[in-house]
Amino acid sequence: MAEKKKKKLTTSFGKPVENDLNSITAGPKGPVILHDVHLIDKLAHFNRERIPERVVHAKGAGAHGYFEVTNDLTKYTRAKFLSEVGKRTEVFARFSTVGGEKGSADSERDPRGFAVKFYTEEGNFDMVGNNTPVFFIRDAMKFPDFIHTQKRNPATNLKDPDMFWDFLSLTPESIHQVTILFSDRGTPRSYRHMNGYSGHTLMWYNEKGEYWWVKLHFKTEQGIENFTGEEADKMRGKDPDTATRDLHESIEKGDHPAWSVKVQIMTPEQAKSYRFDPFDVTKVWPHGDFPLIDVGRMVLNRNPENYFAEVEQAAFSPGNLVPGIGPSPDKMFQARIFAYHDTQRHRLGPNYHLLPINAPKSDMNSYQRDGAARYDNNGGSEPNYWPNSFGGPDPDPEMAAPPIEISDAADRYAYELTDNDFVQAGDLYRKVMTEKEREHLVNNIVGHIKGAQKRIQLRQTALFFKADREYGERIAKGLGLDVAEV
Ligand code: HEM
């Protein structure tokens, strides 16, 4: 291997540095002299090294790779990156836990974030999903409160089972996600051994303006593997970075993790009469009703060279959609479209889209100008307004998504809680889980909720009962509660 030419150390403005160990002082013991620009520059930059961590999903790991189309679904979508079997698109994926801080343990019980940026020729498409197909809530108004309860008590700065279960027991639509979270799927063995789901329903539309409702599934080719609650607890102390290490090391040694990517497709007609609200993110579409259809394969084959540049500064947004993929009327998805770009302007600054990890690999021809850290040529001498008659880029009406029919008066509508909201959690407990999985589920819940006040335990146990009588009875028994009281 050719020897790398040894570089000379410089200041951040390129002046060669003669000494990087000793500050300039008045005499060997004397005070520091202010004209030591290198010292001041070094300290001042260090003082500003930290940026705000993500308000959720702060701990994570990422890798580069590609997505390859394996099945022709062009009748459903005009997205160019899906236009041909065999076509490859560069991707960057980031996996994360949700509630913990940047230094928290990878094996915590928590949903795992599963975010994938597709650098398509028509701009970036981001799939910002989780390893669970559903979520705890279905209206964004509840999100900040929900997240507060998963973080630390404002007085003690400790995780607090009262806060955790108080909120969930007052939020019955969370029962499906709670059942998944407290199964062993809440503690995946690694980021490679879990699936990813869009959760939300998206719109796919073709060039004729026909559209469908679609959910995305990334099925791990490594197989699902989870820690038991006990193993996860041990791993917190043994190797808090276990999933980060596993992803890095497996790619480093050429064992490239892969996921087969599938879709569920629903027609607008089917959506009108489906037994579950297709835009309610607390519900799945059972595969018996809407089978999985292959679309492609994702392979991660390259580790980041620099964690901060590529992983910490990565900015995913459900609003990053490309022609052929649009939003659905899911009200929580719409709020997410706002939230991500907003937090990223705060976390990374207004020109975060120019950072190499976030910039599209296709042309970027917008009329946005200026702002802090605008480090490209800022549009040069091109016009900075539209319409203009100086040859600036024009919008292309051909790219419009089909209109979504909307009616009704604007108001604050509550989702009506019905028995239907307990059906899928009950089916999961009864029909999908094995007896061993049910046993782990009950032990994991009891081990956590036993730290909460009895009145909260009773309220939450009533929800388990509503999902399935036996489920409720076993939790009540594990907590030593009188079933008659629940
Ligand atoms: C109203 C509901 C939600 C709101 C307001 C919300 C908000 C946020 C915010 C502010 C971030 C930090 C982004 C950043 O700093 O770059 C984030 C990260 C994330 N969220 Fe959500 N979120 C919501 C629901 C969801 C749901 C339902 C999912 C999954 C289906 C999800 C998946 C993720 C993932 C994977 C990340 C991490 C992205 C990364 O790796 O950088 N979120 N969310």
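Both faces of strand β8 are covered. Buried here means under 20% relative accessible area, with exposed over 50% and partly exposed in between, using a 1.4 Å probe and protein chains only. In a regular strand the side chains alternate between the two faces of the sheet. Strands are DSSP runs of E with at least two residues, while helices are runs of H or I with at least four residues, and both are numbered from the N terminus.

Before going on, a word about the model: it is predicted, so local features need pLDDT of at least 70 and side-chain atom pairs count only at pLDDT 80 or more, whereas totals for chains, interfaces and linings use all residues. Residues are numbered from 1 along each chain as its sequence is written, and side-chain values use heavy atoms, leaving out hydrogens and water.

Now look at the partners of β8. Strand β7 (residues 211-220) pairs with β8 in the antiparallel sense over 8 bridges, and Thr 220 stands opposite Trp 259. Strand β9 (residues 293-302) also pairs with β8 in the antiparallel sense, over 6 bridges; there, Ala 258 stands opposite Val 299. Two strands pair if DSSP finds at least two bridges between them.

Next, turn to the ligand. Its iron atom has a single donor from the protein, the OH of Tyr 340, 1.8 Å away. Donors are N, O and S atoms within 2.8 Å of the metal (3.2 Å for Na, K and Ca), and water is not among the atoms, so sites may look incomplete. Tyr 340 has its place in helix α9 (residues 331-348), and α9 gives the largest share of the shell around the ligand, 7 residues.

Of the 24 residues around the ligand, those that come nearest are Arg 54, Arg 94, Tyr 340, Gln 344 and Arg 347; a residue is near a molecule or strand if one of its heavy atoms lies within 4 Å of it. A polar side-chain atom of Arg 54 lies 2.8 Å from an oxygen atom of the ligand. For Arg 347, an N or O atom of the side chain is 2.7 Å from an oxygen atom of the ligand.

Technical notes:
Polar contact = N/O pair within 3.5 Å; in protein donor to acceptor, adjacent residues only side chain to side chain.
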